[in-house]
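Subject: Handover of the model, with notes

Dear colleague,

Please find the structure below, followed by my notes on what turned up in it. I would be glad if you could read them with the coordinates open.

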Amino acid sequence: METVKPKSALNNRSKKLAKTFQKVISLRSATKLASNNGICMLNSHLKVKEDLFSDHQTKTHQGNGRNRAVMEALVARLFAGVTTIKAAYAELQMAQHPYNNQSIQAADQAVVDELKAISELKRRFLKKELDLSPQVTIMLAEIQEQQSLMKTYEITIKRLEAEVDFKDSNVSSLKKHLDDCVSFNKTLEKKLNSSGSLSLFDNLRLSALIPTHFVHFLHHTLRSVRSFSKLMMAEMESAHWDLEAAVKFIHPNAVFAKPTHQSFAFESFVCITMFEGFNNPNFSVQEDPPQKHSLQHGQSLYFDKFKKLKSLNPKQYLAHNPNSSFSKFLKSKYLQVVHAKMECSLFGNLNQRKVVNSGGYPDSAFFIAFAEMAKRVWTLHCLALSFHDDVTVFQVKKNTRFSEVYMESVTEEPVSASGESSDSNSGELRVGFTVVPGFKIGKTVIQSQVYLSLVGSPASS
């Protein structure tokens, strides 16, 4: 007999299984629904933690930013303080020269005040009591620094102005000193060119006359020749003359070691022209009426003329003796030295020439210098005619071999054909041209002054 299970038991098991499946399905559905609605307990918890961490970072960053701003403001304030101290120190130095007690005290107080302020900043910084508004502090520090810089610049300007005033004062003093020196030199030159340098002849007698006296007065004469030559060159330069062309006209093939040596060419022209006819009585200027004298009486007459003329002003002498031999000599030599084209170029007209031709005497500095030179040459001629021995003048020809007996060089070193100074051992010394003629008094030779050049070599001579 089969055993038959009760139907109710099967039904109970089926109900339990169905409930189990229903719970599983319900749980999965709930989980999926929650997921679809964006609700997850684990994710929500993590998101809260992230938000808290982010807030903390923001607060930390803001704190660091403020600290940095405060430090920048502190550094700006310190730099401004240093600039203020620098400006006060500059003012302190400025007040020392010249001494200004009030400015010194003000600058000293400014330094003390700024050091106290910096010291207070240090104390507050170390105790972490800084309570600065960064923006305001930086702005005030910049204003303070700009004010200090402006003050420094003002002090620098004052110092520079003081230096300029001091240098201007020195320049004025030096100009005055220069003017005094020039005036003193002119006085000395005037004394040398005046009778003061001729005291040797004051008590001189005809019987005591020797060649040394002639040499002494010759040097006195040559000083006026050089002075007039320089004046003539200066006038030519002012009139824009080509001095090199003028030199080539005087001495066509002359070679000079230095440009300044060109003055010797002009001096040569003046000397040769002024001393032309020196060997003839009265320079070939005839007296009206001619007078005849014995030799001894003639020497005495010329010696008296020499003593009278050596100290006289030429213009005054000419005014009182318009028809004298010296007046005719002066007129003749002026027309030879200063030709018409030169005078017209230098002065723009021929007025001086017309005055001289008519027997008058211009008042220009140029003619006065010429008259003084002419008077000395004429007076030297009178002295030469006072000697018992004949006095003759000689000129050395170009390319003549140099002889120390008859010549002396106007320069320390000769010049070679290429225009360079050379050693005299490297060639033969030749005369380029005569600057000042020489003289013979009996057997006594007074050397001619020449400009030398060097030609060839010792082996080829």
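The side chains of Glu-120 and Arg-123 meet in a salt bridge, with N to O at 2.6 Å, the term being used here for a side-chain nitrogen of Lys or Arg within 4 Å of a carboxyl oxygen of Asp or Glu. Both residues lie in helix α3, 3 residues apart, which is about one turn of the helix; helices here are DSSP runs (H or I, at least four residues), numbered from the N terminus. Glu-120 is partly exposed at a relative accessible area of 34%, and Arg-123 is likewise partly exposed at 36%, where buried means under 20% relative accessible area, exposed over 50%, and partly exposed in between (1.4 Å probe, protein chains only).

Before going further, please keep in mind that this is a predicted model, in which local features need pLDDT of at least 70 and side-chain atom pairs count only at pLDDT 80 or more, while totals for chains, interfaces and linings use all residues. Residues are numbered from 1 along each chain as its sequence is written, and side-chain values use heavy atoms, with hydrogens and water left out.

The search of the whole structure finds 10 salt bridges. One of them joins Arg-68 and Glu-72 at 3.6 Å, N to O, and these two, being 4 residues apart in helix α2 (residues 41-94), are separated by about one helical turn. Arg-68 counts as exposed, at 59% relative accessibility, whereas Glu-72 counts as partly exposed, at 42%.

Which residue does Glu-114 pair with in a salt bridge? The partner is Arg-77, and the closest N and O atoms are 2.9 Å apart. This pair links distant parts of the chain, since Glu-114 sits in helix α3 (residues 101-126) and Arg-77 in helix α2, 37 residues apart. Both Glu-114 and Arg-77 are buried. Elsewhere, Glu-372, Lys-375 and Arg-376 are linked in a network of salt bridges.

Turning to helix α11 (residues 340-347), Met-342, Glu-343 and Leu-346 are buried there. Seen down the axis of α11, the buried residues fall within an arc of 95°, so they line one face of the helix; the arc is that of the directions from the helix axis to the C-beta atoms. Their cover includes α5 (211-238), α10 (325-337) and α12 (351-357). Just after α11, Gly-348 takes a positive phi of about 80°.

Arg-353 is found in helix α12 and is buried, with a relative accessible area of 15%. Leaving aside neighbours within four places in sequence, Arg-353 is in contact (heavy atoms within 4.5 Å) with Leu-335, Val-338, His-339, Ala-340 and Glu-343.

Val-136, in helix α4 (residues 134-193), is partly exposed at 45% relative accessible area.

Finally, the structure holds 0 disulfides, a disulfide being a pair of cysteine sulfur atoms within 2.5 Å. Cys-271 counts as buried at 0% relative accessibility, and Cys-382 counts as buried at 1%.
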